[in-house]
Amino acid sequence: MKNQRAFQIISTPLGDMLIQSFNEKLTHCDFIEGKIYRSLHNIKKQKNYCRKTTLLTETQYQLHQYFNGELHQFDLPLAAQGTTFQQKVWQALQTITYGETRSYAEIATKIHAPGAARAVGAANGKNPLAIIVPCHRIIGSNGSLTGYAGGLDRKKALLHLEQSIAG
């Protein structure tokens with residue numbers, strides 16, 4: 001079916017997540033709270049959404065494997081919407097190895113925008129694919145845990161999970 005939108009709510013060890021797709025490409029993966037609750041209410045009103053697709057089932061499976069420490073890199077078709085700059089940042093995030101971290105400044109340098117650490121931080125905060133595009137792996141230049149849309153407790157838990165397995 002052309003222009004098929006789908007969503008599903010899944011449980012994870014760190015809380016429920018809303019995953020969404022459009023034409024069998026993943027567009028969102030967010031922890032459900034605050035603005036996500038409002039978004040979910042609007043989604044349920046739309047008639048062109050279905051609740052289960054092969055992609056959403058696979059996404060749920062891969063997230064389960066990730067939380068079990070068995071999956072270190074996701075293999076899903078992605079279609080996150082964002083500016084050209086945001087897309088560059090999100091692509092760079094996907095190159096960070098499981099269990100490792102990078103600073104905002106390092107990502108800025110990687111995308112050939114030295115000095116744009118704050119802009120990288122803003123783009124990181126707009127990442128619509130939590131965990132799958134690993135924005136939780138970005139830390140401050142001094143090694144401190146800084147902002148995470150899902151909350152610093154979740155960021156700490158995700159980094160701990162990865163670092164305890166990656167050794």
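E162 and R137 are both buried in this predicted model. They also pair up: a salt bridge joins E162 to R137, with 2.8 Å between the closest N and O atoms. Because E162 sits in helix α6 and R137 in the loop between α5 and β6, this pair ties together parts that are 25 residues apart in sequence.

**Salt bridges**
- The count of salt bridges comes to 2.
- One of them links the side chains of R102 and E100, at 3.0 Å from N to O.
- The other one to look at is E162 with R137, where the closest N and O atoms are 2.8 Å apart.
- Side chains of opposite charge can pair when their charged atoms come close.

**Exposure of the R102 and E100 pair**
- R102 has 28% relative accessibility, so it counts as partly exposed.
- E100 counts as partly exposed too, because its relative accessibility is 33%.
- For E162 and R137, the label is buried in both cases.

**Where the pieces sit**
- Helix α6 covers residues 152-166 and holds E162.
- The loop that carries R137 runs between α5 (117-125) and β6 (138-139).

- With a relative accessible area of 53%, K156 is exposed, since the cut-off for exposed is over 50%.
- K156 and R137 are 19 residues apart along the chain, and their C-alpha atoms are separated by 9.6 Å.

Terms used
Residues are numbered from 1 along each chain as its sequence is written. This is a predicted model: local features need pLDDT of at least 70, side-chain atom pairs count only at pLDDT 80 or more; totals for chains, interfaces and linings use all residues. Side-chain values use heavy atoms; hydrogens and water are left out. A salt bridge is a side-chain nitrogen of Lys or Arg within 4 Å of a carboxyl oxygen of Asp or Glu. Buried means under 20% relative accessible area, exposed over 50%, partly exposed in between (1.4 Å probe, protein chains only). Helices (H or I, at least four residues) and strands (E, at least two) are DSSP runs, numbered from the N terminus.
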